[in-house]
Protein chains: 2
Amino acid sequence: MKKPYAIGIDIGGTNTVFGIVDTHGKVVSKSSVQTNQYPTPELIIDDIKKKLDPLIEDVGGISNIKGIGIGAPNGNHYTGNIEYAPNLQWKGVVPLSKLMSDKFGIPAVITNDANAAAIGEMIYGAARGMKNFIMITLGTGVGSGIVIDGKLVYGHDGFAGELGHVCSVRDGRSCGCGRLGCLEAYASANGVARTAKEILENQTVDSLLRNIPIESITSKDVFDAASKGDVVALEIFEFTGKILGEAIADFVAFSAPEAIILFGGLTKSGDYIMKPIVDHMEKNLLKIWQGKIKVLFSDLNEADAAVLGASALVWEL
Amino acid sequence: MKKPYAIGIDIGGTNTVFGIVDTHGKVVSKSSVQTNQYPTPELIIDDIKKKLDPLIEDVGGISNIKGIGIGAPNGNHYTGNIEYAPNLQWKGVVPLSKLMSDKFGIPAVITNDANAAAIGEMIYGAARGMKNFIMITLGTGVGSGIVIDGKLVYGHDGFAGELGHVCSVRDGRSCGCGRLGCLEAYASANGVARTAKEILENQTVDSLLRNIPIESITSKDVFDAASKGDVVALEIFEFTGKILGEAIADFVAFSAPEAIILFGGLTKSGDYIMKPIVDHMEKNLLKIWQGKIKVLFSDLNEADAAVLGASALVWEL
């Protein structure tokens, strides 16, 4: 009998969200726990199981569930482990998919969070029907999932697609990875805040953003200010979009995708960020690609996207 | 009956080399014509056929030949065309694989020259047994062929792998493609000559390279000078290796390859170029990849490599 449900688990630095998803990509039930409250992976799995058990019963029991898909920072599809994730308190190598599989008695598969999002986007979202696209997640960090010929790229060791850590500015800003000038240091939530800080400190021009404590400026604040015509806010989007557009032009030279899909907080700024991204991407593309590469925002419901993407891994088992 | 031979044709801006290759990768016979002497593709195909016909007879006739593999600048695997190749006098779109197939009465397949080299390397060369690697050709231009999961990456439109045109230096040197700062403007034969010119003109230090007309300095000249301890020559390799190592670190972040394979004139400089490439790659890699990425020179005989690579396309038919 074909098993009609999958469990999707999205492990983030702060929250872990999980749910049961049907084959049409409908999240039929959902719950969550706080990741950072669990000093060991065994403890979080205990609590996830306690919360999932009644939801599993609601869909007719575990025999109706094909498997568990997990998206996690530094999740390695080949090994089933989370390996040295900087944002989690579980250190070293955690054999998470084995722990999950043992606990629930069904297969479990893991990948990193951005890869999970890319698969979700391909099966249920803006990349439906596409065989070649690059998903870029713009959140606390900048992640990516690369799809070539309908398949996620894992590379030789399972860690392919670290596009947040290509060098955008040689000897530029320090990045959390310990290196300088990474895309993530400019296009992440924190990167946008740093750009705001730099511009506000180096210029004397009036700005609505000066009413906000400089360390706590978010892309939402920049969007609100831009909506009111704030020139500093517009300059922040122009700068961020330039860095992203330039990076994307190089990504296109690599895999010649049909589309770039953008996901995460920054995309809520709509055209304010999309326009400079597309302008600078076009300026930096080889002629053969000019006017041909779609740049799209994810069209998955953000609250469900991570769980959907993780669950979608199961259909590939 | 299994057909034991393939024809490989490598179309370059100056010469077109072709030969008959057996299933073990042995070039059993070879010939060539001068590409730029033929104003139309039909005329070059006529002469290629005249030269190939006796060679085909030597291996028992056309019924022993599975097909024709062609490597050509801007060769598009999907369409079978050469599309707007800047270095060829045949303008616009040339349906080369159809013309060849019609002329010889056997299947023909085309890809760009760097992709052909990558396939040759995977089947017969330094990348034997590898499923994830990136081939970088350092010649008149800088080309690349990317292999992921054992397959060449063509992308949505067939033009993937233009790594010579990622941006190495923002607003840097002008490139033949019309843009600024491309890797090709630094790591091609011409790029090395430009670096030599810049260093010789901006410094007064003595150098053996000052005995050579500045416009005609080749990487061979730089190698010869470096062998004698010439400081300018060493600086040229350091600079070129830095640009290449930095670019390669970004390529690794994309597809997490097992190895980078380098091919072409510059590789004849051996450790003089390899050492700075590896040093700067390591400095710029994310921690997860440090010490793990092999950088290798092609081990194909250069005279045969292009024909071998093109012929290898046929075995994938």
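Q: How many salt bridges are counted between chain A and chain B?
A: This is a predicted model, where local features need pLDDT of at least 70, side-chain atom pairs count only at pLDDT 80 or more, and totals for chains, interfaces and linings use all residues. Residues are numbered from 1 along each chain as its sequence is written, chains are lettered from A in the order in which they are written, and side-chain values use heavy atoms, leaving out hydrogens and water. A salt bridge here is a side-chain nitrogen of Lys or Arg within 4 Å of a carboxyl oxygen of Asp or Glu. Between chain A and chain B, the count comes to 2.

Q: Which residue of chain A forms a salt bridge with Glu246(B)?
A: Look for the pair whose closest N and O atoms are 3.3 Å apart. The partner of Glu246(B) in that salt bridge is Arg170(A).

Q: How many residues does chain A bring to the contact with chain B?
A: Contact just means heavy atoms within 4.5 Å. Chain B puts in 36 residues, and chain A's share is 36 residues.

Q: What area do chain A and chain B bury between them?
A: Buried area is the accessible area (1.4 Å probe) that two parts lose on being put together, summed over both. Here 58% of it is on carbon and sulfur atoms, and the total is about 3200 Å².

Q: Which residue of chain A is in contact with Phe251(B)?
A: Set aside the neighbours of Phe251(B) within four places in sequence. Its contacts then include Ile134(B), Leu163(B) and Pro257(B), and from chain A, Phe254(A).
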